[in-house]
Amino acid sequence: MIITKTPFRMSFFGGGTDMPEFFNEHGGSVISTTFDKYCYVTARHLPRFFEYRNELVYSRIERVGDPSEFEHPAVRNAMEMLDMREVRVAYEADLPARSGLGTSSSFAVGMLNAFHCMKGTYASKERLAKEAIRLERELCAEAGGWQDQVAAAYGGLNRIDFADGSFAVRPVVMPNERKRELEASLMLFFTGFTRFSSEVQRANGAADRTVRLKEMLAMVPEAEAALTDKSKPLSEFGRLLDHAWKLKRGTGPKVSTDAIDALYERGRGAGALGGKLLGAGGGGFLLFYAEPDARDSVREAMDGLLHIPFAFEKDGASVVYCDAGDYDLGQEE
């Protein structure tokens, strides 16, 4: 049996510039972090005691003879890509899917990590990220960018740059005290709305977003400086979040809704310096930056929404248990 643990991510700046159609022409860059909420993938060989030969357990149960019969596109394509068969795969998570935290990419990374372990091969973080990008964007033909797969594989608070069909990961280096202050100033609330990121991306893709995406890209170095330059107050990061969210709202009709706009303004009115809806848009988790004297007011203003305490994490994709065992996959008699 193999058990993998893969973190979810929150993206602060540059979302949308990680789309190949944008960054291959203009370059792209995001600042994001992973945090201590995870998805867990359990995988093991399935003995030949059953009529079905492969089993998948997530929000439903699929039992099939051949992996090509799986309805779940990521599992079906991953098993074909890595030549997996006679496998049982189970998925669990700390937070709901389709909520703007890169959950599908975390699952893709965690599943690929488990499959490599079962085959007795080592997969580096770079390899996991690249294979997850290929799996979701090419084999499953899902619209979206590259940042989620990279963040889930590498972990940590990073600036991720994209250009010429490739990416580079650079940690954002901050004094521990300043990083703890940032962590304590971020407040996460679940709006209760969920959606498929790829559907939002397709809907937003019809809009001419290039000008705004260029503005969002130009904000990334400024935001990085707000984190790393000790001469700057960290509150500048919160104010930049507000500006970035206003830019993002103009990149497509499905980024926000009237209900989400009202929630955001309620948080700002309670003292939050800035914030954003995480993910492609349309629903999920709402993030605020609030200084100590405003946090109680923001929490009260979000009454009725679930507040999710969290901490940053730095490990990225990991294997928490590995015992692949021996199992004969030769031809049946």
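Predicted model: local features only at pLDDT ≥ 70, side-chain atom pairs only at ≥ 80, totals over all residues.
Modeller: Numbering runs from 1 along each chain as its sequence is written, and side-chain values use heavy atoms, with hydrogens and water left out.

Colleague: OK, how far apart are the end C-alpha atoms of helix α8?

Modeller: Helices (H or I, at least four residues) and strands (E, at least two) are DSSP runs, numbered from the N terminus. The expected span of a helix is 1.5 Å times one less than its number of residues, so the 19 residues of α8 (residues 210-228) should span 27 Å. The model agrees with that, as the end C-alpha atoms are 28 Å apart.

Colleague: And where in α8 does the kink lie?

Modeller: The bend at a residue is the angle between axes fitted to the seven residues ending there and the seven starting there. In α8 there is a kink of about 30°, shortly before the proline P221, and it lies at V220.

Colleague: Is D242 buried or exposed?

Modeller: D242 is in helix α9 (residues 235-249). Buried means under 20% relative accessible area, exposed over 50%, and partly exposed in between (1.4 Å probe, protein chains only). D242 has 8% relative accessibility, so D242 counts as buried.

Colleague: Which side chain does the side chain of D242 join in a polar contact?

Modeller: A polar contact is a pair of N or O atoms within 3.5 Å; within protein, one must be able to donate a hydrogen and the other to accept it, and residues adjacent in sequence count only if both atoms are side-chain atoms. For D242 there is such a contact at 3.1 Å, and the partner is K246.

Colleague: How many aromatic pairs are there, and what kind is F13 with F237?

Modeller: Rings of Phe, Tyr and Trp (its six-membered ring) pair if their centres lie within 6.5 Å; planes under 30 degrees apart count as stacked, over 60 as edge-to-face and the rest as tilted. Searching the whole structure gives 16 aromatic pairs. F13 and F237 have ring centres 5.3 Å apart and planes at 75°, so this pair is edge-to-face.

Colleague: How many residues apart are F13 and F237?

Modeller: F13 sits in strand β1 (residues 2-13) and F237 in helix α9, so to speak distant parts of the chain. Both F13 and F237 are buried.

Colleague: What about F190 and F285: what kind of pair is that?

Modeller: F190 is in strand β8 (residues 186-190) and F285 in strand β10 (residues 285-289), and both are buried. Their ring centres are 4.8 Å apart with planes at 40°, so the pair is tilted.

Colleague: In the open sheet of four strands, which strands stand at the edges?

Modeller: Two strands pair if DSSP finds at least two bridges between them. The order is β9-β10-β8-β11, with antiparallel pairing, and five bridges join β8 to β10. A single partner strand is what each edge strand has, so one side of each is left without a neighbour in the sheet: β9 (274-277) and β11 (306-307).

Colleague: Last one: what is the phi of E86?

Modeller: Most residues other than glycine have a negative phi. E86 is in the loop between α2 (73-81) and β5 (87-93), and is buried at a relative accessible area of 9%. Although E86 is not a glycine, its phi is positive, at about 55°.
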